[in-house]
Amino acid sequence: MGTPLIVRSSNDLIYDYQLSSAYRSSWVYDPSYALRQEPDIWEVAKNDVVILSAMQRRNASMIRTWRVVPNSHAQGTNGDKKVGDASKRLAGICSEAIGNIDRFDAARRALSEAFFLGRRYGIVLWEPKLISLDGLPEMEWQLPYKIKDIDRRRFHWVTDWAAGPAGTQKKTGVHIEMFNTNTSSWEKISNEQRRNLIEYIYQDTEDRVGYGRGVLESIYFYLYFKQGTFKKIAEAVDRYANGVLIGRLDSLRNASSDKTNADMVTSMKTLLQNFRSEHVVVLGDGDEIEIKEPTGTGVNIAMDFLHYLDESVERLCNGSVRPSGHSMGGTGARAQAETESDTSEGFYQDDREDLDCVIDRDLLGAFLYHNQDNISQLGLDIAKRPRFTSEQIKRKDPSEAVEIMNKALSVGVPLLRSEYYDRIEMTPPAPDDDTVEQQMMDPMGGGFGGGLGSESGERNGKQSEGKESKDASE
């Protein structure tokens with residue numbers, strides 16, 4: 001039976017009214033269900049060793065070697081060499097400056113936890129320093145020296161209101177406030193303070209009203225189920241570890257005038273309990289005690305459920321189970337483990353690039369802002385903005401890509417130079433860069449030859465000369 005068109009749902013209106021009311025409160029509340037049920041759910045989740053190991057594995061896999069590279073369009077539309085040289089110089093300055101930050105990789109790992117929490121904040125600390133960057137003369141630069149983590153619960157969003165028509169109010173925007181632990185009050189963050197703030201909001205969509213959506217929301221439910229299962233398993237271990245005691249009474253024996261058969265059953269229960277603690281028992285004629293070992297089927301079911309929960313969390317955090325060692329099926333085939341490892345690396349790829357964008361926007365952007373006078377004095381105003389990036393794990397083996405491209409070149413297929421270097425994960429050299437000497441590629445598809453440095457090239461040259469002399473003599 002089809003649903004008549006006149007029957008309409010009002011669920012969309014519920015969302016719209018709730019969204020409007022969220023902005024009319026004292027501040028915009030965090031919609032996290034997990035935080036509402038457990039205020040310190042982050043610490044509670046990290047107390048679970050399996051969940052913590054999945055979190056640590058993800059955080060470690062997110063961080064790779066970083067670089068500051070010139071903009072891909074640094075040569076300009078007309079191939080202006082000055083723009084290219086200036087862009088390369090500016091990238092070198094930024095790279096050396098960011099390398100001054102103490103424990104930079106640790107700070108990036110902390111920021112990557114926005115995947116779990118929905119958002120992470122870090123404040124960049126600066127110091128003026130007379131230093132030579134990228135081989136330039138000494139100048140006083142504003143250098144970042146530390147990124148200090150700030151807990152997300154010290155930030156919330158507040159709505160800005162303005163007078164509307166007919167005495168009404170209209171929302172003009174939102175601003176962020178931070179709780180000052182010295183004054184015990186919320187204070188609006190100025191634009192200057194905001195520039196020094198690294199803010200990573202994961203899945204920043206309208207329904208999360210600026211607070212992001214972390215996967216800790218999903219982990220909370222599995223953690224809740226896991227804690228309940230652990231409680232049942234602990235009770236089962238306590239009950240089954242000592243076996244089940246069975247006491248048998250002589251059914252033909254009559255009770256005394258002042259003791260009923262029910263009293264005799266109660267006495268047997270007391271006797272069995274004393275036997276548990278004292279390991280000594282005295283039985284009457286016809287009474288027996290039997291100890292039965294339980295099968296533990298119920299515990300096995302609970303343990304299988306725990307394995308399911310652990311594997312689900314591992315898949316959520318790292319994209320696969322087998323490389324982490326949590327698979328219920330054992331180690332399995334090596335090929336399958338390698339395949340799942342490649343899958344998990346591809347799983348991190350988008351989030352790595354997302355974190356790089358945050359670092360590029362907030363940290364690199366702040367350095368360029370604080371040192372724009374120096375950049376202007378050095379004549380680097382024409383430079384294209386450099387880009388922060390980390391070494392990305394490619395989904396395809398570079399050696400396979402090189403083999404395919406070499407075969408294409410051998411049959412005369414033209415390839416873009418930039419794409420070739422991108423596939424082999426190398427940076428194209430500039431005309432004035434020191435490069436490794438190479439022989440020309442074999443026209444028959446033999447690939448590149450030659451050795452490293454002038455010594456190898458010289459040796460190859462002598463070998464060629466010797467061969468030519470021998471041919472001539474023959």
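The legends below describe close-up views of a predicted model.

Residues are numbered from 1 along each chain as its sequence is written, and side-chain values use heavy atoms, without hydrogens or water. Local features need pLDDT of at least 70 and side-chain atom pairs count only at pLDDT 80 or more, while totals for chains, interfaces and linings use all residues.

**View A. A nonpolar patch lies on the surface.** Its members are Tyr33, Phe221, Tyr224, Phe225, Phe305 and Tyr308, with about 600 Å² of accessible area together. Accessible areas come from the Shrake-Rupley method with a 1.4 Å probe, and for residues only the protein chains shown count as cover. A patch takes residues with over 30% relative accessible area and no salt bridge; nonpolar side chains (Val, Leu, Ile, Met, Phe, Trp, Tyr) are joined within 5 Å, like charges within 9 Å. Helix 9 (216-240) and helix 11 (297-318) each give two or more residues to the patch. Helix 9 gives the most, with three residues. Phe221 is found in helix 9 and is partly exposed, with a relative accessible area of 37%. Here buried means under 20% relative accessible area, exposed over 50%, and partly exposed in between (1.4 Å probe, protein chains only). Helices (H or I, at least four residues) and strands (E, at least two) are DSSP runs, numbered from the N terminus.

**View B. Three strands form an open antiparallel sheet in the order 4-5-6.** Strand 4 (155-163) and strand 6 (185-188) stand at the edges, each with a single partner strand, so one side of each has no neighbour in the sheet. From one strand to the next, the twist averages 45°; axes are lines fitted to C-alpha atoms, for helices over the stretch in contact, and angles run from 0 to 180 degrees between N-to-C directions. Strand 4 is joined to strand 5 (residues 169-180) by nine bridges, and the two run antiparallel. Asp160 has Gly173 in strand 5 as its bridge partner. Two strands count as paired if DSSP finds at least two bridges between them.

**View C. Arg57 forms a salt bridge with Glu314.** The closest N and O atoms are 2.9 Å apart. A salt bridge is a side-chain nitrogen of Lys or Arg within 4 Å of a carboxyl oxygen of Asp or Glu. Arg57 lies in helix 4 (residues 49-62) and Glu314 in helix 11, so the pair ties together parts that are 257 residues apart in sequence. Arg57 is partly exposed at 22% relative accessible area, whereas Glu314 is buried at 1%. The structure holds 19 salt bridges.

**View D. Arg89 forms a salt bridge with Asp134.** Their closest N and O atoms are 3.0 Å apart. Arg89 is in helix 5 (residues 81-98) and Asp134 in the loop between strand 2 (119-131) and strand 3 (139-150), 45 residues apart. Arg89 is partly exposed, at 32% relative accessibility, and Asp134 is partly exposed at 28%.

**View E. Lys46 forms a salt bridge with Glu43.** The closest N and O atoms of this pair are 3.8 Å apart. Lys46 and Glu43 are three residues apart in helix 3 (residues 41-46), and are therefore separated by about one helical turn. Relative accessibility is 26% for Lys46, which is partly exposed. Glu43 is partly exposed at 36%.
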